[in-house]
Amino acid sequence: MKDLNRRQFIQIGSGGAAAVAVGSGLTTRLWGLDGDPTPNPETDGDRVVATFCEMCFWKCGVLAHTKGGVVTKIEGNPDHPLSKGRLCPRGTGGIGLLYDPDRLRTPLIRKTGARGEATFVEASWDEALDLVADKMKAVKATHGAEAFAMFNHGYGASFFKTLMGAYGSHSVAAPSYAQCRGSRDVAIQLTFGAPIGSPEYLDIENTRVLTLIGSHLGENMHNTQVQEFAAMLERGGELVVVDPRFSTAAGKARYWLPIKPGTDLALLLAWAHVIVKEKLYDAAFVADWTVGFEQLQAHLADKTPEWAWARTSIAPERIVETARFIAGARPASLVHPGRHTSWTGDDTQRGRAIAILNALLGSWGRPGGIFLPDKMKVPATTLPPMPTVARKAADTPKGAIFPFQDEGLAHGLRDASIPGTAEYDIKGWMVYGSNLVQSLPQPQKTLEALQALDFVVAIDVLPTEITGWADVVLPECTYLERWDDLAITPWKEPFVAVRQPAVEPMYDSRPGWWIAKELAKRLGAEAYFPWETAEAMVKARLEAAHLDVAKTVATGVASKGRAPVTVDEGAALVFGTPSGKVELFSQQMVDSGLPGLPDYTAPPAPAPDQFHLLSGRAPTHTFGRTTNNRFLSEVYAENEVWLNVLAAKELGLNHGERVVLVNQDGKRSAPIRLKVTQRIRPDCVYMVHGYGHTDKRLRFAAGRGADDQELVSRVRIDPVMGGTGMNVNFVRVERAAESA
Ligand SMILES: Nc1nc2c(c(=O)[nH]1)N[C@H]1C(S)=C(S)[C@@H](COP(=O)(O)OP(=O)(O)OC[C@H]3O[C@@H](n4cnc5c(=O)[nH]c(N)nc54)[C@H](O)[C@@H]3O)O[C@H]1N2
Ligand SMILES: Nc1nc2c(c(=O)[nH]1)N[C@H]1C(S)=C(S)[C@@H](COP(=O)(O)OP(=O)(O)OC[C@H]3O[C@@H](n4cnc5c(=O)[nH]c(N)nc54)[C@H](O)[C@@H]3O)O[C@H]1N2
Ligand code: SF4
Ligand SMILES: [Mo]
């Protein structure tokens with residue numbers, strides 16, 4: 001298909017309106033229909049709306065400039081603590097989503113053909129909502145409400161969670177738990193008895209030594225962290241990067257440790273060994289605030305740098321040197337807990353080792369470490385009590401228990417939709433803002449489940465793969481066209497932020513609140529949506545919190561200013577663990593039949609002709625969410641697979657040619673361009689996740705690059721919380737047929 005040029009795109013997107021300007025973090029351009037390339041700050045916007053971003057989940061405050069009913073520019077809100085006036089490129093590129101010519105425009109109903117053949121007809125909202133409600137009632141009557149599952153990602157999901165609760169189902173899960181941050185969250189909770197937060201409570205700007213172990217800040221663009229990271233480096237802060245790949249951050253690091261994938265736990269234990277043996281730890285913090293130091297010391301006795309060397313391939317003297325370097329900066333020495341940590345199945349234990357290191361460094365509650373956030377008090381909305389659900393959720397396999405699982409498992413609900421595998425079968429899905437076909441491992445199971453279900457409804461903004469598998473597609477308007485619930489964020493300066501529309505919903509798309517309330521009406525649950533609009537709800541909540549409604553809506557944010565968030569400022573240390581202390585040794589884990597201290601087990605290894613398959617992020621994209629965004633794709637339109645020069649030479653493959661990856665189970669990727677580089681270990685390949693879209697309605701992204709998920713046919717399950725370790729797949733690299 002011929003790509004639309006920019007001018008056509010703008011014509012389609014804005015219905016011929018005057019001008020669309022995009023200022024990106026990288027370049028600032030104005031694309032006027034009259035061809036005028038000069039931005040004019042005086043006349044750029046005639047209205048500025050303060051709202052928050054949804055291009056990823058960080059929720060930065062944005063100012064959307066509009067003119068003549070068209071969003072012309074998106075900037076960072078200077079009053080918002082997460083953006084401080086700046087956005088990442090994806091945030092500024094939100095215009096490319098709003099005016100994406102491929103947006104879902106009207107409700108769709110599958111009329112003919114099998115599910116997945118995408119033979120839809122346009123429908124009215126009444127028709128579509130009636131059908132969804134009828135199907136939900138039918139599942140409830142025959143199988144129980146809990147046999148209807150909901151998958152979600154993103155802030156707008158809150159209304160649909162309420163809807164599911166009111167309907168009587170607790171079968172609710174997000175891939176952003178078991179496929180993302182769940183293991184890390186549980187590890188921090190087990191050790192410190194407190195959450196790490198999202199946004200994480202990391203005082204990076206004051207850190208003296210930041211250790212990134214598989215956390216690729218700079219490519220992972222979480223705005224506040226990247227800003228603080230830059231400030232920290234400017235101030236002379238130092239960086240230790242542990243990554244099999246020479247990441248953007250590695251380029252700025254004092255030490256880059258190209259670790260063998262899946263062996264982080266060995267390095268973490270060896271670092272702790274050195275820090276304990278050489279008495280480099282914060283002895284006062286350990287004595288006053290931790291339990292289990294003796295057990296830890298005994299556990300670490302044989303985890304020597306030499307022991308770790310054999311496992312990680314990092315030389316012992318490097319391990320000793322970096323341990324001393326890291327400890328030398330304590331307590332302003334932070335080992336970043338990461339975010340996406342569903343890697344090898346021992347991920348909660350890996351997270352525990354990171355938590356233990358931070359405890360040894362005394363960085364909890366200290367400047368440059370992990371701060372103790374404060375939160376604004378906004379009374380919770382009073383709703384009628386939710387109906388109780390008799391059966392436990394079906395998200396774990398028959399008989400299985402993950403003792404510290406504290407959210408739903410998305411892959412588990414998927415598996416339970418394949419008849420006969422769980423305590424009871426899941427029969428219907430509601431999918432909000434989650435492209436399960438690309439985001440869940442073992443995609444063959446996702447397709448199997450999708451074929452077995454009685455009913456699937458997808459609520460989305462774009463025709464991504466999951467919508468092609470639905471029976472009914474409900475087009476939500478984008479975040480720039482709707483009110484959502486207040487964001488109440490615990491932070492250094494606690495704040496509440498308002499999401500409100502910059503422009504009216506385009507086409508026949510509707511806000512999530514309206515969709516959820518209309519469904520609730522049809523399901524006899526309207527009492528759970530007591531306001532006419534989300535706007536009325538937001539304003540009522542602001543009033544209940546005694547905040548100035550007009551001012552908060554105008555500025556997009558209300559804060560009560562900085563609270564004491566470190567011990568040095570007078571904040572108190574409180575640990576919500578059973579012992580009330582930091583649990584270096586975890587009795588709770590032992591009581592659940594798990595090791596009380598992180599035990600290293602060797603990860604599965606590739607065959608001699610295979611490579612570890614690793615994935616990550618591109619700075620200008622939020623995985624598959626933005627790969628159809630024409631503005632953002634100007635920078636990185638297609639992913640590539642990184643392969644070390646030596647390996648490429650051995651295979652006779654050249655930079656730039658197309659290859660296919662074939663995994664241990666014979667699964668093949670789409671053709672993908674080869675990037676031959678010295679910046680990765682010779683036993684690994686790396687690609688950015690979120691490419692290789694297959695739905696042709698994504699006219700820009702379809703067929704560009706490859707989807708790593710097609711190669712994730714194996715997982716290793718984390719016994720602590722049920723997460724899916726996905727970095728246990730190995731691939732061969734073959735020349736693609738067409739370029740052979
Ligand atoms: N192989 C592999 N798998 C992974 C990862 C990986 O790196 N590799 N990463 C994992 C991680 S870290 C995560 S967090 C998960 C995320 O995976 P998902 O839960 O699937 O989340 P997204 O990819 O953000 O979902 C994108 C969907 O939301 C839609 N959308 C965007 N904005 C809106 C909106 O305002 N309203 C509605 N209704 N829909 C909207 C998009 O069009 C798209 O269909 O994937 C995980 N899966
Ligand atoms: N621009 C942008 N930013 C994003 C996102 C996005 O899509 N785009 N997504 C957001 C989301 S939802 C999440 S969860 C985060 C994810 O971002 P991160 O928390 O940083 O996690 P990953 O993407 O898993 O990290 C990938 C890095 O780990 C390295 N790695 C792979 N295997 C190993 C290993 O065994 N050991 C070590 N030490 N390193 C290894 C890879 O080479 C890569 O550099 O990013 C967030 N920020
Ligand atoms: S980090 Fe970027 S994409 Fe995410 S909310 Fe902030 S500006 Fe938006
Ligand atoms: Mo994530």
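This is a predicted model: local features need pLDDT of at least 70, side-chain atom pairs count only at pLDDT 80 or more; totals for chains, interfaces and linings use all residues.
1. The peptide bond joining Ser198 and Pro199 is cis, with omega at about 0°.

2. A cis peptide bond also joins Arg330 and Pro331, and here omega is about 5°. Pro331 belongs to the loop between α12 (316-328) and β14 (333-335). As a reminder of why such bonds deserve a look, most peptide bonds are trans.

3. Turning to the backbone angles, Lys84 is worth a moment of your time: although not a glycine, Lys84 has a positive phi of about 45°. You will find Lys84 in the loop between β5 (70-76) and α2 (89-92). Its relative accessibility is 38%, so Lys84 counts as partly exposed, given that this class lies between the buried limit of under 20% and the exposed limit of over 50%.

4. Tyr507 is another residue other than glycine with a positive phi, in this case near 55°. The loop between β19 (495-497) and α18 (512-522) holds Tyr507. With a relative accessibility of 31%, Tyr507 counts as partly exposed.

5. Why pick out these two phi values? Most residues other than glycine have a negative phi. If you are going through the model by eye, the loop with Lys84 runs between β5 and α2, and the loop with Tyr507 between β19 and α18.

Note on methods
Residues are numbered from 1 along each chain as its sequence is written. Chains are lettered from A and ligands numbered from 1 in the order in which they are written. Side-chain values use heavy atoms; hydrogens and water are left out. Helices (H or I, at least four residues) and strands (E, at least two) are DSSP runs, numbered from the N terminus. Buried means under 20% relative accessible area, exposed over 50%, partly exposed in between (1.4 Å probe, protein chains only).
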